[in-house]
Amino acid sequence: MVVKPLDHTADVGFALEAESLEGLFQAALQGLLSAMFQSPPKGGRRRRRMALEAEDLETLLVRYLNELIYLIQTKGFVPGKARVRVVPTGNGFRLEATLVGEPFQEAFGFQGEVKSATFHGLQVREEGGRWQAQVILDV
């Protein structure tokens, strides 16, 4: 799994690469955490489940990241790990995830609020047997 920061004038972005689609979504969590925290948790004692659907992988990735942002900033739950499953449906894709994390803590070094994941420059593709994505966050 690879997460690389992207230079962007007004927002924060990252490029992701993984061997599987599920790994790509797990990497997206790590990219989000690195944008929001200096020392995010690597796991945790609390669990939450998540289920989302979307008509395409780009929309599913944005919904996933926005749900994670909501959990962190509104519910005070910081997921350090995610076990993700993405399956095709008749009209798109379904994501099921088990998140493992901790309550929000000052020790994580919160770096600032993220408003949302955006569709700006968003790409999700498989190339050479590896999944890749580029994400821009509105901060």
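In which helix is E22 found? E22 belongs to helix α1, where helices are DSSP runs of H or I with at least four residues, strands are DSSP runs of E with at least two, and both are numbered from the N terminus.

## About the model

The structure is a predicted model, in which local features need a pLDDT of at least 70 and side-chain atom pairs count only at pLDDT 80 or more, while totals for chains, interfaces and linings use all residues. Residues are numbered from 1 along each chain as its sequence is written, and side-chain values use heavy atoms, with hydrogens and water left out.

## E22 and its surroundings

With a relative accessible area of 24%, E22 is partly exposed; on this scale, buried means under 20% relative accessible area, exposed means over 50%, and partly exposed lies in between, using a 1.4 Å probe and protein chains only. When residues up to four places away in sequence are not counted, E22 touches V84, R85 and V86, a contact being heavy atoms within 4.5 Å. The C-alpha atoms of E22 and V87 are separated by 9.5 Å, although these residues are 65 residues apart along the chain.

## Helix α2

Helix α2 covers residues 57-73, and its 17 residues should span 24 Å at 1.5 Å a residue, which agrees with the 24 Å between its end C-alpha atoms; the expected span is 1.5 Å times one less than the number of residues.

The buried residues of α2 include L57, L61, L65, L68 and I72. An α-helix has 3.6 residues a turn, so residues three or four places apart point the same way.

## Strands β4 and β5

Strand β4, residues 77-89, pairs with β5 in the antiparallel sense over twelve bridges, where two strands count as paired if DSSP finds at least two bridges between them. The two strands β4 and β5 form a hairpin with two residues between them, and the bridge partner of V86 in β5 is L95.

V78 is found in strand β4 and counts as buried, at 0% relative accessibility. Leaving out residues up to four places away in sequence, V78 touches L33, F37, P41, I72, G101, E102, F104 and F108. The C-alpha atoms of V78 and Q105 are separated by 8.7 Å, and these two residues are 27 residues apart along the chain. In strand β5 is the place of T98, which is buried with a relative accessible area of 10%. The side chains of T98 and R49 are joined by a polar contact of 3.2 Å, meaning a pair of N or O atoms within 3.5 Å, where within protein one must be able to donate a hydrogen and the other to accept it, and residues adjacent in sequence count only if both atoms are side-chain atoms. Apart from neighbours within four places in sequence, T98 is in contact with R47, R48, R49, K81, A82 and R83.

## Aromatic rings

Rings of Phe, Tyr and Trp (its six-membered ring) pair if their centres lie within 6.5 Å, with planes under 30 degrees apart counted as stacked, over 60 as edge-to-face and the rest as tilted. By this rule the count comes to five aromatic pairs. One of them is the edge-to-face pair of F37 and F108, with 6.0 Å centre to centre and 85° between the planes. F37 lies in the loop between α1 (21-36) and β3 (46-54), and F108 in the loop between β5 (92-103) and β6 (116-117), so the pair ties together parts that are 71 residues apart in sequence. Both F37 and F108 are buried.

The rings of F104 and F110 have centres 5.3 Å apart and planes at 70°, so this pair is edge-to-face. F104 is partly exposed, with a relative accessible area of 31%, and F110 is partly exposed as well, at 35%. Ring pairs link F37, F104, F108 and F110 into a cluster.

## The loop residue T118

T118 lies in the loop between β6 and β7 (123-127) and is buried, with a relative accessible area of 18%. The side chain of T118 reaches the backbone nitrogen of H120 at 3.3 Å, and a polar atom of that side chain lies 2.9 Å from the backbone oxygen of I136. Not counting residues up to four places away in sequence, T118 touches V62, I136 and D138.
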